[in-house]
Amino acid sequence: MTDDERAPPAVRTDGGTDSTEATFDAIMEKFADSPSQQAVIRLLLERGFSVNDEGRVVSGGIEIPNTGIAREVDVDRRVVDATTDAILDDDQLRRIFQNISAIPSLMDLAPVLDLSALAITVRDAEESGIVATVTGAIADRDISIRQTISEDPEFTDQPKLYVITDGSIPGDLLTEIRDMAFVHSIELR
């Protein structure tokens with residue numbers, strides 16, 4: 001699902017920059033000696049939480065208590081402190097975690113707002129053109145797309161593409177999308 005994804009800056013385990021893209025694995029490698037810190041890093045990345053200059057976890061300008069982070073990933077609060085300290089001590093990690101942000105999703109609001117939410121699981125998320133092909137088929141029917149969200153294949157085993165549209169999606173369009181070669185499964189929510 002590379003159409004809409006932007007990778008964070010490059011990361012090397014020696015702290016320098018590289019011309020290759022940063023990967024989830026490269027970030028996690030920095031915490032290879034601490035599965036607990038890796039759990040904290042995974043949560044920060046999945047939720048789009050930032051780390052401010054004081055080492056506090058934030059979402060926008062709202063501080064998330066370290067005890068809440070610790071409870072969510074079942075670690076001691078001191079692990080969260082150590083993780084945020086390590087982030088601030090590493091120039092590349094600092095740039096990543098001070099620039100990450102969460103994007104509000106319409107997925108759970110779709111039924112309340114009378115929108116349709118389509119979840120598409122793909123066979124190979126690295127294949128190019130997935131987002132363009134699906135959104136093109138929807139646009140060809142003059143259906144307005146309110147939001148698309150593609151899960152990063154580095155964060156989940158079965159990444160999905162979510163498309164939220166105004167109104168309903170006709171059955172023949174669902175069949176057309178389901179029959180696309182890259183589609184593994186489709187779910188209308």
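Predicted model: local features only at pLDDT ≥ 70, side-chain atom pairs only at ≥ 80, totals over all residues.

Biologist: By class, how many nonpolar, polar and charged residues does the contact of α2 with α4 have?

Modeller: The contact between α2 and α4 has seven nonpolar residues, three polar ones and no charged ones.

Biologist: At what angle do the axes of α2 and α4 cross?

Modeller: They cross at roughly 70 degrees, and the axes come within 9 Å. Angles of 65 to 115 degrees count as roughly perpendicular, so α2 is roughly perpendicular to α4.

Biologist: And which residues of α2 meet α3?

Modeller: From α2, A39, V40, L43 and R47 meet I69, E72 and V73 of α3. The axes of these two helices come within 10 Å and cross at roughly 105 degrees. The helices α2 and α3 are therefore roughly perpendicular. By class, their contact has five nonpolar residues, no polar ones and two charged ones.

Biologist: Staying with α3, which of its residues are buried?

Modeller: The buried residues of α3 are N66, I69, A70 and V73. Seen down the helix axis, they fall within an arc of 100 degrees, so they line one face of α3.

Biologist: What covers the buried residues of α3?

Modeller: The cover includes α2, β2 (57-59) and α4. For I69 itself, leaving aside neighbours within four places in sequence, the contacts are V40, L43, F49, V57, I64 and V80. Just after α3, D74 takes a positive phi of about 60 degrees.

Biologist: Which residues of the largest nonpolar core touch the most other members?

Modeller: They are V40, I41, L44, I69, I87 and F97, in a core of 25 residues. At least two residues of this core come from each of α1 (24-29), α2 (35-47), α3 (66-73), α4 (77-89) and α5 (91-97). The largest share, five residues, is supplied by α2. Another core lies apart from this one; it has 19 residues, including I130, I138, L174 and F182.

Biologist: Changing topic, is T165 buried or exposed?

Modeller: T165 has a relative accessible area of 0%, so this residue is buried. T165 lies in strand β6, residues 160-166. Its contacts, apart from neighbours within four places in sequence, are L115, S116, I138, I143, S144, I145 and R146.

Biologist: And where is V131 found?

Modeller: V131 is found in helix α6, residues 130-139. V131 counts as buried because its relative accessibility is 5%, and the cut-off for buried is under 20%. The C-alpha atoms of V131 and Y162 are 9.5 Å apart, while the two residues are 31 apart in sequence.

Biologist: Finally, how many helices and strands are there in the protein chain?

Modeller: There are seven helices and seven strands. Along the sequence they follow the pattern α-α-β-β-β-α-α-α-β-α-β-β-α-β. Of the chain's 189 residues, 40% count as buried. Among contacts between residues at least 6 apart in sequence, 65% join residues at least 24 apart.

Conventions:
Residues numbered from 1 in each chain as written. Heavy atoms only, no water. Core = buried A, V, L, I, M, F, W, Y, C linked by side-chain atoms within 4.5 Å. Buried < 20%, exposed > 50% of the residue type's maximum accessible area, 1.4 Å probe, protein only. Helix = DSSP H or I, 4+ residues; strand = E, 2+ residues; numbered from the N terminus. Contact = heavy atoms within 4.5 Å. Arc of directions from axis to C-beta. Axes fitted to C-alpha atoms, helices over the stretch in contact; angles between N-to-C directions. Parallel < 35°, antiparallel > 145°, perpendicular 65-115°, else oblique. Nonpolar A, V, L, I, M, F, W, Y, C, P; charged D, E, K, R; others polar.
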